[in-house]
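Please look through the sequence and the model below before reading on. The paragraphs that follow lead from one chain to the other.

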Amino acid sequence: MGQITLQGVAKRFGEVEVIPPLDLTIDDGEFVVFVGPSGCGKSTLLRLIAGLEDLSGGRILIDGKDATEASPAKRGLAMVFQSYALYPHMSVRKNIAFPMKMAGVPKAEQERRIEAAAKALNLTNYLDRRPGQLSGGQRQRVAIGRAIVREPAAFLFDEPLSNLDAALRVGMRLEISELHNRLKTTMIYVTHDQVEAMTMADKIVVLQAGRIEQVGSPLELYHTPRNVFVAGFIGSPRMNLFSGAAAAEYSAQTIGVRPEHLRISATEGKWKGRVGVSEHLGSDSFFYVEDTGLAETITVRSTGEVDLHHGDTVWLTPDEGKIHRFDKNGDRI
Amino acid sequence: MATRQTQGLARLMRAPAIILLFVWMIVPLCMTLYYSFLNYNLLNPGMTSWAGWFNYQYFYTDPAFFEAIWNTLVLVLGVLLITVAGGIGIAMLIDKPIWGQGVVRILVISPFFVMPPVAALIWKNMIMHPSYGVFADVARFFGASPVDWFAQYPLTSIILIVAWQWLPFATLILLTSLQSLDTEQMEAAEMDGAPAHARFLYLVLPHMARAITVVILIQTIFLLGVYAEILVTTNGGPGFASTNLTFLIYRAARLNFDIGGAAAGGIIAVVLANIIAIFLMRAVGKNLD
């Protein structure tokens with residue numbers, strides 16, 4: 001079981017309000033990702049749930065029980081830190097055994113769980129090494145192993161992949177998703193990388209300046225962003241946002257069109273521009289169109305091979321049904 | 001750097017410094033070694049003659065010799081124990097953010113700046129003096145009779161004074177080590193359910209092992225040669241109760257003017273220091289790898 005409810009949770013550091021009161025429910029077995037730009041309070045929120053920071057207001061319920069005043073150890077949550085936070089002078093085996101040793105788990109049971117975790121995480125050959133002798137990905141797996149053996153109510157991940165290189169990150173992303181499918185335990189995952197959020201989450205919580213901007217499944221956020229911030233943050237490459245005359249035409253303050261919802265043509269279309277940089281990836285091509293008078297550059301995604309080059313004059317046409325409209329407060333119309 | 005030519009050049013450039021250091025070390029050592037085999041007394045320098053092993057035999061059969069070695073060991077170990085344990089405690093206290101942290105840290109470190117004879121005199125006359133010392137005042141306040149520290153517990157008193165002087169050094173080294181401890185590790189341990197004493201035992205102590213080793217090694221070197229504190233307080237007494245090896249050599253050389261005997265004692269002290277050094281490196285040196 002691992003249902004976590006935040007009621008009016010707030011955090012102030014002195015005069016500075018990092019997190020204004022917010023409410024959030026995380027259901028048992030859900031994979032929830034907190035995403036937002038750096039400094040948006042997502043890590044602080046995770047630390048509040050973990051019990052590593054004191055609340056300035058509100059309550060945290062874990063499985064319906066008030067855990068606001070409970071110590072981190074008593075909450076039954078396990079955390080994987082950005083720096084992995086392995087104990088450097090202990091072997092991998094001892095690192096993984098540490099939480100069980102503290103909990104007084106019998107030796108035989110400890111061994112059994114260590115073997116199981118090591119097997120699941122491909123660490124069997126490294127159990128007697130020190131963390132310093134492992135690669136970044138292996139250390140990450142040890143940190144996850146240390147969390148698994150506690151059989152926690154929920155896992156908390158604090159930007160666990162940000163210290164890994166790009167290829168490893170994709171691999172670990174899959175492993176963590178696989179782990180979630182196998183364990184069916186609640187996971188809360190903090191990242192600033194919206195690709196990680198989109199690929200892993202059941203539910204994404206978009207945060208900005210401590211406020212929750214939107215909660216929803218990845219596709220909900222993609223298709224119906226509630227405001228300009230979410231629209232600009234979710235999706236890669238970013239959504240094109242225009243204001244002014246182009247937006248007024250749709251009776252909105254700002255309109256947004258995703259790169260994949262723009263057609264590019266050398267002959268005809270709605271908005272005229274000039275091709276700047278173009279990136280051909282084979283499956284897709286990205287064009288950065290300049291001099292449209294709408295925005296500095298407009299990103300266009302086009303499938304297949306399109307024969308356009310730097311300096312060519314092009315016309316862009318939005319897919320009328322896929323235009324997002326926002327009012328002057330930035331909210332979706 | 002790695003070519004044969006640059007290596008040869010580097011050796012040539014290093015040579016003067018190394019030769020100077022070597023001569024600086026070997027000449028006094030050889031002279032001491034030479035004197036230790038002579039009957040050489042400053043009161044009668046004309047009568048200098050070859051003594052063979054007599055000086056060593058004389059030192060060895062001196063009833064004060066083994067007492068002095070024992071006192072040396074007790075002094076070194078006692079001070080190490082107090083400074084390492086106390087240093088860890090104080091370092092952990094002043095590591096926490098408190099009001100007036102800067103001032104507190106300077107106050108903690110300041111005893112290290114007081115030179116040994118001055119420190120010993122302050123302790124002798126203002127703190128441990130049986131009639132007007134602070135300890136005596138405290139004892140009288142509680143209705144107890146004051147303790148004459150240097151007469152009743154001479155070695156303990158000197159250990160206290162020397163420990164007071166070296167505590168700041170240990171604290172400083174251990175504090176820097178403590179400050180380099182990763183906070184996420186401590187938080188991870190907290191989440192893993194480790195109570196404060198377990199975090200100290202399994203994380204803080206192993207993390208500080210290297211710093212503790214440095215403290216032990218450096219302090220041992222200096223503590224083997226403690227002299228000024230003994231000279232200005234107990235003068236090695238009563239009897240030989242607070243005489244260590246260094247002080248015994250001083251007695252031979254400057255009170256009996258026996259250069260040969262003192263040199264023999266010096267050689268014994270060098271051998272003893274080396275034995276302790278080997279012992280220490282075996283015991284704690286692996287922490288420095």
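In chain B, 69% of the contacts with a separation of 6 or more are made by residues 24 or more positions apart, a contact being a pair of residues whose C-beta atoms, placed from the backbone, lie within 7 Å. The model is predicted, and local features need pLDDT of at least 70, side-chain atom pairs count only at pLDDT 80 or more, while totals for chains, interfaces and linings use all residues. Residues are numbered from 1 along each chain as its sequence is written, and chains are lettered from A and ligands numbered from 1 in the order in which they are written.

Chain B holds 13 helices and 2 strands, these being DSSP runs numbered from the N terminus (helices H or I of at least four residues, strands E of at least two). Its radius of gyration, taken over C-alpha atoms, is 24 Å, well over the 19 Å that the globule rule gives for 289 residues, so chain B is more spread out than a compact globule; the rule is 2.2 Å times the number of residues to the power 0.38. The C-alpha trace of chain B spans about 75 × 75 × 30 Å along its principal axes.

Within chain B, the axes of helix α3 (residues 63–95) and helix α10 (residues 196–223) come within 10 Å and cross at roughly 145 degrees, where axes are lines fitted to C-alpha atoms over the stretch in contact and angles run from 0 to 180 degrees between N-to-C directions. Among the residues that meet there are L75(B) and V76(B) of α3(B) and M208(B) and I212(B) of α10(B).

Where the two chains touch, the contact takes 15 residues from chain A and 13 residues from chain B. On the side of chain A, the elements giving two or more residues are β6 (77–80) and α2 (92–103), and α2(A) provides the largest share, 4 residues.

Two residues of chain A, neither of them glycine, have a positive phi. Y84(A), with phi near 70 degrees, is found in the loop between β6 and α2 of chain A, and Y84(A) counts as buried because it has 24 C-beta neighbours inside 10 Å. N122(A), with phi near 60 degrees, lies in the loop between α3 (107–120) and α4 (136–148) of chain A and is exposed, with 12 other C-beta atoms within 10 Å; the cut-offs are 20 or more for buried, 12 or fewer for exposed and partly exposed in between, with C-beta atoms placed from the backbone.
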